[in-house]
Amino acid sequence: MPCDLCVVEVESGGTKRACELEVYRGLNVVTQSEQLSEHRRKALNRIMTDHYADCEAPCKTACPAGVDIQSYLYHIAQNDHQKAIEVIKRTLPMPLSIGRVCPAFCESECRRSLVDEPIAIRQLKRHAADADLSAHEAYVPEKKSSKGLNIAVVGSGPGGLTAGYYLSNEGYDVTVFESMPKVGGWLRYGIPEYRLPKDILDKEIELMCRNGMQVRTNQKLGVDFTLSQLSEEYDAVCLAVGASQAVEMHYTGSDLEGCYLGVDYLKDYVTEQNYVTGQKVAVIGGGNTAIDCARTARRAGADTTLIYRRTRDEMPAEDYEIVEAEHEGVKFHFLTNPAENLADETGRVSAIRLERMALGDPDASGRRSPKPTGEFFTEEFDTVIAAVSQKPDLSFLEGEDLSIPLTRWNTSDADEKTMHTGTGNIFSIGDFRRGPATAVEAVGDGRVAAKAIDLFLNGDMADMPKAAFNSRKEKKLSQVDPLHFENIQKVARSIMPELTPAQREQSFAEVELGFDNEEAMKEAARCLECGCQANTDCALRDYSTEYEAEQSFDFSLQIKSHQDWLDLRAKDLRHKYEVDRSSEFIEFDANRCISCGQCIQACRDKAVHGVLNFVCDKQGRPALRPDDRPHFGSNKNGLTLMGDSNCVQCGACVQVCPTGAMVDSRDRSQGRTEDLKAVDTICTYCGVGCKLTMFVDEATNTIRYVKGGDSPVNQGMLCVKGRFGFDFIGSEERLTTPLIRKDGWLQPASWEEAIQLVASKFSGIKQDFGSNALAGFSSAKTTNEDNYAFQKFVRR
């Protein structure tokens, strides 16, 4: 079926498809106009109504830093940690730290959970980073030549360090200013040691500074220098000041002695330790900071209870953090809120009067709002830690000549696409822009800011890279039909070894101990590879981006029962297929197919195999798109898998497929960024002399894939050996030196020794039995040149 994208305006009026237009001398057509663009956009939208496929893996889409998770999992599975860390550090320069503290948004969208359990993505990132750190030489990207421009970054948290890292790699002179005595921001002063050992953080920061990023500590904005001074002295300024101030929780007795704020408690615990952790501690809040306070208090020997006004299901803290807290003995009071702190005779808090709550209707966050019940109870506590939220410290703006637009939450009102504040050369990122968020979100902001600052100083921020069109099966994992994952073999998720609860008592040793290499490779191999292998070389995606196509999800439902799935399948017009991985070299995902028929034409008319067909109706007419896809059975039966068909795996379908529906199952090209060198040569497998083009990764000197070349001999076609048999070149089993049997064993020898041995044997036979005793056997699987040389050798 025609895609309807090649339409042009003809001089006689109206539009016609170029593929159907009769060409004659003097023909004039218009190829670009507003009318044509709208026509093409609608044509693309029609295709997308039945394109049940993902351009990008859903884990990457869910990651705030946009890490190409699918690619680095593949490299870990192949035991190539160097390549894995290169992929990670393209968008996330702190895998040692983030791999330990990330909330793993990616795992919440992992399609593997439709089969068994989500992949341990966060822990595998940490594994790759640990392997890189222990390697003889850790990975450091090449630094570009100096640009002679100076950048100031205020704040050395994950966002500030990320911005400085990418800017220093680009050749800028970067100085990071930090108000605290040591570098790391919230990673150092807010994340406890048992989650992120500070010696690991120190090593990661040292790696990040190898391309010249400088850090100055004990330098506070608004005290040691002003924003105006930075703006004048530096070519650009990036504010990554975070949200380091705790939001106070005002209720009766909240200011008693022994009452602390969560952020202050964590920071004090790793610095001055002025705060006293009592015998019985109450932590108020349900976020990650509250969990960290509770687990820290347990390690200090306290009987600790976390008080939260909603249920566990509504807690914003990560589930695995809640589970760890439970293992360590933290108690929980859900649907409970403090009403009053009670003091002893010395004025120190001794108990809390608590009110039971009930859940009402959902609030603006989507969580059900807690409502007071009027039922109270009192429990004794000698320490109360309120960890409800955080906010930026804006004291540096007092008396400042420059003004930065702020939101009603007192965060920076910066452009989310460029991080520019709208004021001069000043950018803002991380919690200062977002409000209290996660380290990985700050990393994502830092990378965007680095790119924007580069364009601000050397181009135009209007040229910021625009997101490519991203087709998706569904908006959310919960809406993806599990029916098409039922035949995938279940494999249990690998569990990272941890300290036992007893070992954690009064110890700040790291809880997670890391995977061994074999376990990590096995876990990474569970990846379903949801992202398209052609997503960086797909005409459909390119056109969808150019013409701003849209994908609708009209049939998406909130699935609550099996009956909901049955109802959805009955009315959903989209066609959904299992991926056919039944053959050795070719993978067919019919969900990505647009029914263009090019693969059928190549199979039937060029390769003359006739294996691929469109299923026909009773009158022999092929079904119309989007009601059909190519099949490997007869045109009456489309249920045959590729591996059960007569397909000879010549790969002609792969070469012509425009969308990645037919792909080389061994070439992992998803997310490919490197340019491959095209090398034309003649196939070495037989004597026909087919021309082919090898696509070579020059960095590793390996052939990634092969295409048939334009030659009268093969006219772009190849056999299975020519297209997929090239990997023998790099095989570890390939002989690279002659072997001569000595003392009953085949032993390496030089070419001169081998040739002399063969010559002496031939000479002996000829001398003893005559020349007719010698004969030679060759093969069509030998090149023409070798056959010619061989026949001359035998004749002589």
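Predicted model: local features only at pLDDT ≥ 70, side-chain atom pairs only at ≥ 80, totals over all residues.

Q: At what angle do the axes of α3 and α18 cross?
A: The axes of α3, residues 69–77, and α18, residues 517–524, cross at roughly 135° and come within 8 Å. Angles over 145 degrees count as roughly antiparallel and those from 65 to 115 as roughly perpendicular, so α3 is oblique to α18.

Q: Is that crossing left-handed or right-handed?
A: The crossing of α3 and α18 is left-handed.

Q: Which residues meet there?
A: From α3, Leu73, Ile76 and Ala77 meet Ala520, Met521 and Ala524 of α18. By class, this contact of α3 with α18 consists of 6 nonpolar residues, with no polar and no charged ones.

Q: And α3 against α7, how do their axes lie?
A: The axes of α3 and α7, the latter covering residues 121–134, come within 11 Å and cross at roughly 60°. The two helices are therefore oblique to each other. The crossing of α3 with α7 is left-handed.

Q: Which side chains or backbones are involved, that is, which residues meet?
A: On the α3 side they are Ile69, Tyr72, Leu73 and Ile76, and on the α7 side Ile121, Leu124, Lys125, His127 and Ala128. The contact of α3 with α7 divides into 7 nonpolar, 1 polar and 1 charged residues. Leu73 and Ile76 of α3 are also among the residues that meet α18.

Q: Moving on, what about α12 and α13?
A: Helix α12 spans residues 262–269 and helix α13 residues 288–299; their axes come within 9 Å and cross at roughly 45°. They are therefore oblique to each other, and α12 passes α13 in a left-handed crossing.

Q: Which residues make that contact?
A: Gly262, Val263, Tyr265, Leu266 and Tyr269 in α12 meet Thr289, Asp292, Cys293, Thr296 and Ala297 in α13. Of the residues in the contact of α12 with α13, 6 are nonpolar, 3 polar and 1 charged.

Q: Last one: how far apart are the end C-alpha atoms of α24?
A: They are 27 Å apart. Helix α24, residues 751–769, has 19 residues, and at 1.5 Å a residue it should span 27 Å, so the two values agree.

Q: What follows α24?
A: Glycine 770 follows α24, and its phi is positive, near 90°.

How values were computed: Residues numbered from 1 in each chain as written. Heavy atoms only, no water. Axes fitted to C-alpha atoms, helices over the stretch in contact; angles between N-to-C directions. Helix = DSSP H or I, 4+ residues; strand = E, 2+ residues; numbered from the N terminus. Parallel < 35°, antiparallel > 145°, perpendicular 65-115°, else oblique. Left-handed = near helix turned anticlockwise from the far one by under 90°. Contact = heavy atoms within 4.5 Å. Nonpolar A, V, L, I, M, F, W, Y, C, P; charged D, E, K, R; others polar. Expected span 1.5 Å × (residues − 1).
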